[in-house]
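Here is a short briefing on one protein model. Look over the sequence and the fold before reading on.

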Amino acid sequence: REFSPQPACVDLGTMWAHALWTFLLLCKFSLAVLPAKPENISCVFYYEENFTCTWSPEKEDSYTWYKVKRTYSYGDKSDICPSDNSTRGNHASCTFFPPTITNPDNYTIQVEAQNADGIIKSDITHWSLDAIMKIEPPEIFSVKPVLGVKRMVQIKWIRPVLAPVSSALKYTLRFRTVNSAYCKEVNFTKEDTDRDETYNLTGLQAFTEYVVALRCATKESMFWSGWSQEKMGTTEEEAPYGLDLWRVLRPATVDGRRLVWLMWKKASGAPVLEKALGYNIWYFPENSTNLTETLNTTNEKLELYLGGKTYRVCVASYNSLGKSPVATLRISAADEKLFHCIEAMQACLTEDQLVVEWRSSAPAVDTWMVEWFPDLDSEPSNFSWESVSQATNWTIQQDELKPFWCYNISVYPVLGDRVGEPFSIQAYVREGIPSRGPVTQADNIGVRTVTVTWEEIPKNQRNGFITNYTIFYQAEDGKEFSKTVNSNILQYDLESLTRKTSYSLQVMASTSAGGTNSSKINFKTLSISVLEIFLITSLVGGGLLILIILAVAYGLKRPNKLKHLCWPDVPNPAESSIATWCGDDFKDKLNLKESEDPVNMEEERVLKPCFAPSDLIDKLVVNFGNFLEEVSTEELGKGQENILREEKNEYVTSPYRPYCPPISTEILQRKSQQLCSRIPERICLESNEQPFSFVENLGSDHLCEGEPNPYLKNSVTTREFLISEKLTEQTKREV
């Protein structure tokens, strides 16, 4: 029997087709992404408005639509969220509206999520409408104090319209003071169903404005209504709450009195709106109440001058309703030693606060007084202070302090009525660069050095803590150099400069925020220093001193030689050889003439004017000297002739000689004619009027007198007469 192979081929092809279809189906199932299962289903029943449910996830990666199935009437009915309210486009919420909403009732909710790859269902949830009911907030219409009741306000409101009439409501009352962000809450329940409701809020501060708000809910519901609109009210006024008292002690004056700045303010916790009509102050030395002094003022500060003893000061405020409790402060004696317990203190900045912390060594001290004021160049006029209890830190908002201002912060320990020794620091809430640079100058300029000095920037222009100073200096057309010094240094010596060079200089003051430069100044180094000048002067002076010492030593050793060098001998005209040329007769004549008429002689010497030219006397004396020489030659013989022949120049060293021979008138006339032939005509004519008187006076007064000749006395010591050979021969022939 023969079999056909075709059926086997058909079975094989069918098997491959089924395998391929199965593979594609498995791939499809493996690539399918179902939507996330709805979870966290939450439903709210808005009384007489709607029933709304929400769930998560709120949004899918792919397009997903939801279907909400509800059963109600205690499970007898069911429905699906209407198509117009169904959650299409990834909106994870659904709302049911009346009239299908019944109350009271129990609902079941299930959510189906579907996308292109499939459907997935959530778990079934159960809901009681009373437990999820949410109503409208109440409406407050009055917040007022009750007459005669202190520190209380009465709140009145209207019950919500959309609330079950038969249900009791629970309330939450929220209140705060006007200037505070901190709120307090009070919970209470109202069983009645009246439309108007009231509540008395007690435990408040007197004469203080409060802000209140209300919310409500049914007793079984877990959902509260929204908060009502806020309403404000003020409590009744009463006597002042109290005062915080503080003092600032100034140094004692010469007479021992101390200035005390007494300051007070409303105590912490006092009503914001509290007003005082005035203040009573009384003070007295401790243990001496009989010396009490009383003052009244409407200000919140007072200056007192107290002695060096311990005092107690009391202050109380008052208004129309009464007085406040008395605030007492002890002023320690001037010589009292204060106790010390603060070991360290620091200030740090947070985002919006300045925090001051300190460490105490006395556990018994639990009260502190913090004092702060701006650090200015002038005396501060306003001080701020605050009491701190049961803590070792203090905080202040940064916006309460001015930026770029330095504040002095002091903490005083207070133990009972005694104030201890303070601990102080400085702090900025914000730092900036200085408003200007330091005033700079260059002093003590030398050859290679200069001293740079600068002044501190005024406190109100620093804008921060000065961390350092930087000195920038640069030679003309040279490289700039810098030196940085600490903030407590206000002077620096620059060295290794170049001799006789111009420099520019400026100083920069820096804070943590940056620095500001001073004005640029210029200076030039010296070419020679004072020390070098001193050394050169010392060397020259030393050399001169040594020379003087040697000269003195030489003078002491050879005194005549030194005297001759310093004071050379001057020839005395009285000792000249001309005195020997005149005989005793001529001297006697001169003496006789002086004895006969000394008055006339004095007049002739002093009163007779000389009409001759200024050089006439010189010329006459020279020729007269020649004349005397010839006369002496003729009368004394030929002894002097050799002298006139051998020497052409004759020196007359004195106008006075002890010996003078007699001279005849003829000789004088003849010689005078010879003199006129040797001098200019004009001079001769002027002198011809009284030739003999001139010769007589000259000879009698000056040639044979024992005293020096007045003319030669004022002339040169030695006079040179030039006698020509021709004149000598002629004179000989005439004689």
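This is a predicted model: local features need pLDDT of at least 70, side-chain atom pairs count only at pLDDT 80 or more; totals for chains, interfaces and linings use all residues.

Residues are numbered from 1 along each chain as its sequence is written, and side-chain values use heavy atoms, with hydrogens and water left out.

**The whole protein**

- The secondary structure comes to twelve helices and 42 strands. Helices (H or I, at least four residues) and strands (E, at least two) are DSSP runs, numbered from the N terminus.
- Of the 735 residues, 38% count as buried. Buried means under 20% relative accessible area, exposed means over 50%, and partly exposed lies in between (1.4 Å probe, protein chains only).
- Take the contacts with a separation of 6 or more: residues 24 or more positions apart account for 67% of them. Contact means heavy atoms within 4.5 Å.

**A recorded transmembrane region**

- UniProt, in an unreviewed entry, places the feature "transmembrane region" at residues 533-556. UniProt positions are given in the numbering used here, feature names are shortened, and annotations may be inferred rather than shown by experiment.
- In the model, residues 533-556 are 100% helix and 0% strand. The end C-alpha atoms of this stretch are 34 Å apart.

**The β12-β13 hairpin**

- Strand β12 (residues 169-177) and strand β13 (residues 184-190) run antiparallel, joined by seven bridges. Two strands pair if DSSP finds at least two bridges between them.
- A hairpin of six residues links β12 to β13.
- Which residue in β13 is the bridge partner of Arg174? The partner is Glu185.
- Thr177 also lies in β12. Thr177 counts as buried because its relative accessible area is 19%.
- Leaving out residues up to four places away in sequence, Thr177 touches Thr208, Glu209 and Tyr210.

**Gln110 in strand β6**

- Gln110 sits in β6 (residues 106-115). Is Gln110 buried or exposed? Gln110 is buried, with a relative accessible area of 18%.
- A polar atom of the Gln110 side chain lies 3.0 Å from the backbone oxygen of Ser122. A polar contact is a pair of N or O atoms within 3.5 Å; within protein, one must be able to donate a hydrogen and the other to accept it, and residues adjacent in sequence count only if both atoms are side-chain atoms.
- Beyond its neighbours within four places in sequence, Gln110 is in contact with several residues, among them Lys67, Val68, Lys69 and Ser122.

**Cis peptide bonds**

- Pro98 and Pro99 are joined by a cis peptide bond, with omega about 10°. Pro99 is in the loop between β5 (93-96) and β6.
- The bond from Asn103 to Pro104 is cis too, with omega near 0°. Pro104 is also found in the loop between β5 and β6.

**Positive phi outside glycine**

- Asn40, a residue other than glycine, has a positive phi near 55°. Asn40 lies in strand β1 (residues 39-46), and it is exposed, with a relative accessible area of 63%.
- Phe207, a residue other than glycine, has a positive phi near 50°. Phe207 is in the loop between β14 (196-201) and β15 (209-218). Phe207 is partly exposed, with a relative accessible area of 23%.
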